[in-house]
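Here is a short briefing to read alongside your model. Take a look at the sequence and structure first, and then we will walk through a few spots together.

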Amino acid sequence: VTGASFVVFNGALKASSGFLAKSSIVEDGLMVQITRETMEDLRQALRDKKDFKITCGKMDAGDAKEYVDICWVENEEKTSKG
């Protein structure tokens, strides 16, 4: 689990890169590079207020994957106050 001050979603990852998605820490935030298709799905999930999971890593890496979970919460006491 990584805490971040901000998240950047970059929809310019090429499918030919061999990655499902890539995540990296930049300064005190998180940058997630995703394909254009995943960006469209993410935008729709945000509009619909639905949870969304992004699988990061190489396409052929087997079980060695990272996940970026976007979750809507009911109780704001459990979220970051910053």
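Leaving aside residues up to four places away in sequence, threonine 35 touches Gly11, Leu13, Ala15 and Leu20, where contact means heavy atoms within 4.5 Å. Please keep in mind that this is a predicted model: local features need pLDDT of at least 70, side-chain atom pairs count only at pLDDT 80 or more, and totals for chains, interfaces and linings use all residues. Residues are numbered from 1 along each chain as its sequence is written, and side-chain values use heavy atoms, with hydrogens and water left out.

**Threonine 35**
- Threonine 35 sits in the loop between strand S3 (29–33) and helix H1 (36–47); helices (H or I, at least four residues) and strands (E, at least two) are DSSP runs, numbered from the N terminus.
- Threonine 35 counts as buried because its relative accessible area is 11%; buried means under 20%, exposed over 50% and partly exposed in between, using a 1.4 Å probe and protein chains only.

**Charged pair**
- The whole structure contains 1 salt bridge, meaning a side-chain nitrogen of Lys or Arg within 4 Å of a carboxyl oxygen of Asp or Glu.
- This salt bridge links glutamate 37 with arginine 36, and their closest N and O atoms are 3.7 Å apart.
- Glutamate 37 is partly exposed at 44% relative accessibility, while arginine 36 is exposed at 55%.

**Strand pairing**
- Strands S2 (residues 19–26) and S4 (residues 52–58) run antiparallel, joined by 2 bridges; strands pair if DSSP finds at least two bridges between them.
- Phenylalanine 19 has lysine 58 in S4 as its bridge partner.
- S4 also pairs with strand S5 (residues 66–70) in the antiparallel sense, over 5 bridges, and phenylalanine 52 stands opposite isoleucine 70 in S5.

**Nonpolar core**
- The largest nonpolar core has 12 residues, including Ala21, Leu30, Met39, Phe52 and Ile70; such a core is a set of buried Ala, Val, Leu, Ile, Met, Phe, Trp, Tyr and Cys residues joined through side-chain atoms within 4.5 Å.
- At least two residues of this core come from each of S3, H1, S4 and S5.
- Alanine 21 lies in strand S2 and is buried, with a relative accessible area of 1%.
- From C-alpha to C-alpha, alanine 21 and glutamine 33 are 5.6 Å apart in space, though 12 residues apart in sequence.
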